[in-house]
Amino acid sequence: MNNALKQCNNKATMETSAQTALRTVEHLATAVLLFDKDLHLVSINSAGESLLSVSHKRVSGMRPNNIWPNSKFFYDAIQRSLYTGTTCIERGVDLNLNSGQKIKVDCMITPVVVDDVAEEILVELIDAHAFVRVLQEENQETVQAAAKESVQGMAHEIKNPLGGIRGAAQLLERELENEELLEYTGIIINECDRLRNFIDRMLSTSTHPVKSDMNIHEVLEYVISVVRAENSHKLNIKKDYDPSIPIIKADREQVIQAVLNLLRNAVQAIDSDGHITLITRIQRQVTIRHKLYRHIIVLDIIDDGPGIPPEIESGAFYPLVTGRAEGTGIGLSIAQQLIQSHGGLINYERKDNKTYFSILLPTEQCDE
Ligand SMILES: Nc1ncnc2c1ncn2[C@@H]1O[C@H](COP(=O)(O)OP(=O)(O)OP(=O)(O)O)[C@@H](O)[C@H]1O
Ligand SMILES: [Mg+2]
């Protein structure tokens, strides 16, 4: 592999080509696995560990059928490449992981030929959904930016006359002698306040995050306590935290707001005996909106309710889209904008009859 990578700059010539190659492979977003000619795994890069949810220590020396149980394709394709010395390219291959999870990958299997003999086999894998996801993210981002601009313009236009209407209703209230009519001015004032709260919520995403040290688990404990206090019935919330998650720089109030919106939705979606699970994990080498992060925090908010109604699923993150009679339809849109202003993203997925909302939050500094 050393020869395959050309030394391109002065910095690179200071180190050996092997070091450069290692560093390059380690930072690739493509999963790279190298097998020896007896089909034992020799090395795996960080993207590989992340895609396959394994550590290099655990899989080192393993054969393909142990790394991917029941994925006959890989065993056959790797052996074929080794014996024929030809490259194999395949799109959309189903991969069963040891964790029981199934993923679809595009793959390339290349024999490393030395003196006409295939000595090693290089396997490159890309999550087949990754490109589709990037396109969806781009599309969602464009529509959301346009929606945000028009909502904010509209909100200001509504807010100004609203102050006038409320003030006039208060003056009128003082002048009214008929007690029965006070009920009507009361309604005007209350409805003005409700509209104002709604508009303030919509405008809350326009403030730039003010970042300081934030412990994601402390935020979760706080949000859980708020949601428990809001609900008179007992909530079944299970926690599965990764204690190794570091303190990150983030706007605590904004992250609280985003998590709160998702957790409230989950509570609204489940039956009285339903379950909610909060899982935190670190993931490595993840691309979010064209930027590759070495580490990100993934927070899954999982509920066993029915999921987003199909008729609004594609637009659920846009403002004013709701599937609930009493909903305003801005909770998800606000949460998405707040997390995006931290360089992160919220994904929705329906898996194994469960609803997954996943907050992806970079651990590194990122000014959006
Ligand atoms: N966990 C969930 N399970 C099922 N449906 C969900 C879930 N989260 C969101 N939804 C659907 O997506 C819609 C939009 O959610 P969003 O939070 O934006 O608005 P809302 O909850 O209707 O109102 P609010 O502005 O008060 O939050 C919801 O009305 C609901 O139909
Ligand atoms: Mg909501």
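Student: Quick one to start: which residue is the bridge partner of Ile282 in strand 10?
Tutor: That's Ile297. Keep in mind that we're looking at a predicted model.

Student: Okay, and in what sense do strand 9 and strand 10 pair?
Tutor: Antiparallel, over 12 bridges. Strand 9 covers residues 276-288, and strand 10 covers residues 291-303.

Student: What's the strand order in the sheet they belong to?
Tutor: The order is 7-9-10-12-11. It's an open sheet of 5 strands with mixed pairing.

Student: Which strands stand at the edges, then?
Tutor: Strand 7 (237-240) and strand 11 (345-351). Each has a single partner strand, so one side of each has no neighbour in the sheet. As for twist, the average is 30° from one strand to the next.

Student: Switching to helices: which strands does helix 9 touch?
Tutor: Helix 9, residues 216-230, packs on the sheet and touches strand 7, strand 9 and strand 10. Its direction makes about 180° with that of strand 7.

Student: And helix 10, which strands does that one lie across?
Tutor: Helix 10 (residues 252-269) lies across strand 9, strand 10, strand 11 and strand 12 (354-362). It runs at about 30° to strand 10.

Student: Back to helix 9, where His217 is found. Is His217 buried or exposed?
Tutor: Buried, because its relative accessibility is 14% and the cut-off for buried is under 20%.

Student: What does the His217 side chain make a polar contact with?
Tutor: The side chain of Thr280, at 2.9 Å. Leaving aside neighbours within four places in sequence, His217 is also in contact with Tyr241, Asp242, Pro243 and Ile245, among others.

Notes
Residues numbered from 1 in each chain as written. Chains lettered and ligands numbered in written order. Predicted model: local features only at pLDDT ≥ 70, side-chain atom pairs only at ≥ 80, totals over all residues. Heavy atoms only, no water. Pairing = 2+ DSSP bridges. Helix = DSSP H or I, 4+ residues; strand = E, 2+ residues; numbered from the N terminus. Axes fitted to C-alpha atoms, helices over the stretch in contact; angles between N-to-C directions. Contact = heavy atoms within 4.5 Å. Buried < 20%, exposed > 50% of the residue type's maximum accessible area, 1.4 Å probe, protein only. Polar contact = N/O pair within 3.5 Å; in protein donor to acceptor, adjacent residues only side chain to side chain.
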